[in-house]
Amino acid sequence: MAAATRLFSERGYDRTSVQEIVEAAGVTKGALYHYFGSKDDLLHEIYGRLLRLQQDRLDGYADADEPVEARLRRAAADVVVTTIDNLDDARIFFRSMHQLSPEKQKQVRAERRRYHERFRDLVAEGQRRGVFNAATPPDLVVDYHFGSVHHLSTWYRPDGRLSPQEVADHLADLLMRALRP
């Protein structure tokens, strides 16, 4: 997985052969095919591992016994940090989605939609309780925040002046300020 992720991120999914992956990983094609039925399955698992990580963390924040504004802020910052911590995965995610088989694209979109809906539910809860401004539809709030998150792989540099947590805090603060009543 690590070798494939690095190669897909550097060269692109379509320009990386199975042979290059097994050589970089130091395994045989048989070993690769023991765990993954195809290169498409490998790409699908790269998507799946990041989505599962982020969904598990979001569920923990959403279910916490805290005020909704604390839960949303933590979730908003976490998706930034986990995206930066998995920048190669994120880069692949947005560059190669169209190269998955139609069935796997459908699965990934459903998983991503589930994540966005859970995040949106936090926004809607805060709006219902009067904690957040209700003028902006929750779906648009989600699109606003995730537009920033989805572009991290195009501009964030680990050697830049802001740490992942600092970027996360700034973006979460922007979201929370936008939601103030």
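**The whole chain**

Start with everything shown as a cartoon. This is a predicted model. Count the elements: the chain has 10 helices and 0 strands. Read from the N terminus, the order is α-α-α-α-α-α-α-α-α-α.

Turn the model along its principal axes. The C-alpha atoms fill a box of roughly 60 × 40 × 25 Å. Of the 181 residues, 44% are buried.

How do contacts run along the sequence? Take those between residues at least 6 apart: 71% of them join residues at least 24 apart.

**Stop 1: helix H1**

Select residues 2–11, which form helix H1. Colour Ala3, Ala4, Thr5, Leu7, Phe8 and Ser9; these residues are buried. What covers them? The cover includes helix H2 (18–25), H4 and H6.

Now pick arginine 6, also in H1. Buried or partly exposed? Arginine 6 counts as partly exposed because its relative accessible area is 37%, between the cut-offs of 20% and 50%. Leaving out residues up to four places away in sequence, arginine 6 touches Ala24 and Asp88. Draw a distance from arginine 6 to glycine 30. The two are 24 residues apart along the chain, and their C-alpha atoms are separated by 20 Å.

Step just past the end of H1 to glycine 12. Its phi is positive, at about 100°.

**Stop 2: leucine 50**

Move to leucine 50, in helix H4. Leucine 50 is buried because its relative accessible area is 5%, under the 20% cut-off. Which residues does leucine 50 contact, beyond its neighbours within four places in sequence? Show Thr82, Asn86, Asp89 and Ala90.

Then draw a line to glutamate 103. The separation from leucine 50 is 53 residues along the chain and 19 Å between C-alpha atoms.

**Stop 3: the cavity**

A search of the whole structure finds 1 cavity of 30 Å³ or more. The volume of the largest cavity is about 160 Å³.

Which residues lie nearest its centre? Select Leu51, Gln54, Phe93, Phe94 and His150, which are among the 14 residues of the lining. Colour the lining by type: 9 residues are nonpolar, 4 are polar and 1 is charged.

**Stop 4: helix H5**

Select H5 alone. The helix has 18 residues. From first C-alpha to last, H5 reaches 25 Å, close to the 26 Å expected at 1.5 Å a residue. Mostly covered or mostly open? H5 is mostly covered, with 13 of its 18 residues buried.

**Stop 5: histidine 145**

Go to helix H8 and pick histidine 145. Histidine 145 is buried because its relative accessible area is 2%, under the 20% cut-off. Setting aside residues up to four places away in sequence, histidine 145 touches Ala76, Val79, Val80, Phe119, Leu171 and Leu175.

**Stop 6: helix H10**

Select residues 164–179, which make up helix H10. Two residues are worth a look here.

Glutamine 165 lies in this helix. It is partly exposed, with a relative accessible area of 40%. Outside its sequence neighbours up to four places away, glutamine 165 touches Ala77 and Val81. Draw a distance to valine 80: glutamine 165 and valine 80 are 85 residues apart in sequence, yet 8.0 Å apart from C-alpha to C-alpha.

Next, pick alanine 168, also in H10. Alanine 168 is buried, with a relative accessible area of 0%. Apart from residues up to four places away in sequence, alanine 168 touches Ala77, Val80 and Val81.

Conventions. Residues are numbered from 1 along each chain as its sequence is written. This is a predicted model: local features need pLDDT of at least 70, side-chain atom pairs count only at pLDDT 80 or more; totals for chains, interfaces and linings use all residues. Side-chain values use heavy atoms; hydrogens and water are left out. On a 1 Å grid over the protein atoms alone, a cavity is a set of points where a 1.4 Å probe fits but cannot get out, and a pocket is an open set with protein on both sides within 12 Å along at least five of seven lines; lining residues have an atom within 4 Å of a point. Grid points are joined across faces, edges and corners, and a volume is the space filled by probe spheres set on the points. Ala, Val, Leu, Ile, Met, Phe, Trp, Tyr, Cys and Pro count as nonpolar, Asp, Glu, Lys and Arg as charged, and the others, Gly among them, as polar. Helices (H or I, at least four residues) and strands (E, at least two) are DSSP runs, numbered from the N terminus. Buried means under 20% relative accessible area, exposed over 50%, partly exposed in between (1.4 Å probe, protein chains only). Contact means heavy atoms within 4.5 Å. The expected span of a helix is 1.5 Å times one less than its number of residues.
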